[in-house]
Amino acid sequence: MLKTSDHNEAGLDRILTLELVRVTERAAVAAARLRGRGDEMAADQAAVDAMRQELNRLPISGTVVIGEGERDEAPMLYIGEEVGTRNGPEVDIALDPLEGTTICAKNLPNSLAVIAIAEKGNLLYAPDVYMEKIAVGPGYPAGIINLDAPAIENIMAVAKAKGVPVNEITACIMDRPRHARLIEEVRATGAAIRLIGDGDVAGVIHTTDPDETGIDIYIGIGGAPEGVLAAAALRCIGGQMQGRLQLNSDDKIARAAKMGISNPKKIYTMEEMAKGDVLFAATGVTDGNLLSGVKFARDYIETHTVVMRSHSQTVREIKAKHQDMAKFQ
């Protein structure tokens, strides 16, 4: 339970915690109607439309700092777009209306609708590029992972801290050609690998409960939006994460500079990617280790959401049965 004094303390209004749930529920239901249809673009667009509609009902003055792309690439929920009623606190928003578009199109596990908000200036404002990432869950000594260290060192450090042999450690890595060498390095240590096709927000969050998910560490290159969202979730649950933007061209460096990023090689800590009081919500689109997918029954729609707040270190799971199905039309 949240402390009764939460609404009097600095930070975001706790009422927004439950308001955020409606945002991800709406996006998840819209995307779930297109599960398994093989049309990634249609599923993503449905989620974007639904999330934007619900966001504009929130009593906030919100700015999308991590979104669907930059202004010239995305017609809605682009980086820099203002959302909300404009009557409320100024907040930064990171979102992914459909985390795992391919997963949803193929009806595979762990597709989510995801959002995080923080007070203005507290989420990393970055271009839509790749990010190199490494993450572990709570309970480890500070500084146990290092993005610049070889994979073998990070794997061995986690095994030592956990008190198990290396062959009992499992690393989560996205199944991409760019990770071929990383996969070889990790397997050479004797550790196991869980390859995922998409959805690295869920991949990072899975490190927070290795007994349930079987994943101890996340390593690899994925999207920067997903990196910031994952950092926001870890701020609420606990854990450690580092990320470095892949600004490997003059164009990307210039785009980042416009957003105030002067050091293209900077390694960001979890706290630098998501500062202050952070709210995070994710609703399952397809079934997964973290959340159940949307269920369509004859007389109701069921959703499964996790919503978290860093200020109170509260993690809530909400299974909702929506009998007024018209609200999702």
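Student: Where is the place of D44?
Tutor: In this predicted model, D44 sits in helix α2, which spans residues 40-55.

Student: And is D44 buried or exposed?
Tutor: D44 has a relative accessibility of 18% and therefore counts as buried, the cut-off being under 20%.

Student: Which residues does D44 touch, leaving out those up to four places away in sequence?
Tutor: They are E68, L98 and T101.

Student: Where does E68 lie, then?
Tutor: E68 is in the loop between β1 (61-66) and β2 (82-83). With a relative accessible area of 22%, E68 is partly exposed. Beyond its neighbours within four places in sequence, its contacts include D44, V48, M76 and D128.

Student: What feature does UniProt place at D44 and E68?
Tutor: The unreviewed UniProt entry gives "binding site" for D44 and E68. These positions are spread over 25 residues of sequence, yet they cluster in space, with a largest C-alpha distance of 9.7 Å. Both D44 and E68 are included in the lining of the largest pocket.

Student: Changing topic: how many residues has the largest nonpolar core?
Tutor: That core has 46 residues, and M241, L245 and F280 have the most contacts inside it. Helix α8 (residues 224-237) supplies the largest share, 9 residues.

Student: Why does this core lie between domain 1 and domain 2?
Tutor: Because domain 1 (14-121 + 278-328) and domain 2 (130-273) both give residues to this core.

Student: What other core lies apart from it?
Tutor: There is another one of 36 residues, among them V48, L58, V64 and I301.

Technical notes: Residues numbered from 1 in each chain as written. Predicted model: local features only at pLDDT ≥ 70, side-chain atom pairs only at ≥ 80, totals over all residues. Heavy atoms only, no water. Core = buried A, V, L, I, M, F, W, Y, C linked by side-chain atoms within 4.5 Å. Buried < 20%, exposed > 50% of the residue type's maximum accessible area, 1.4 Å probe, protein only. Helix = DSSP H or I, 4+ residues; strand = E, 2+ residues; numbered from the N terminus. Domains from an automatic or database assignment. UniProt positions renumbered as here; feature names shortened; annotations may be inferred. 1 Å grid on protein atoms, 1.4 Å probe; cavity = no way out; pocket = protein on both sides within 12 Å on 5 of 7 lines; lining within 4 Å. Contact = heavy atoms within 4.5 Å.
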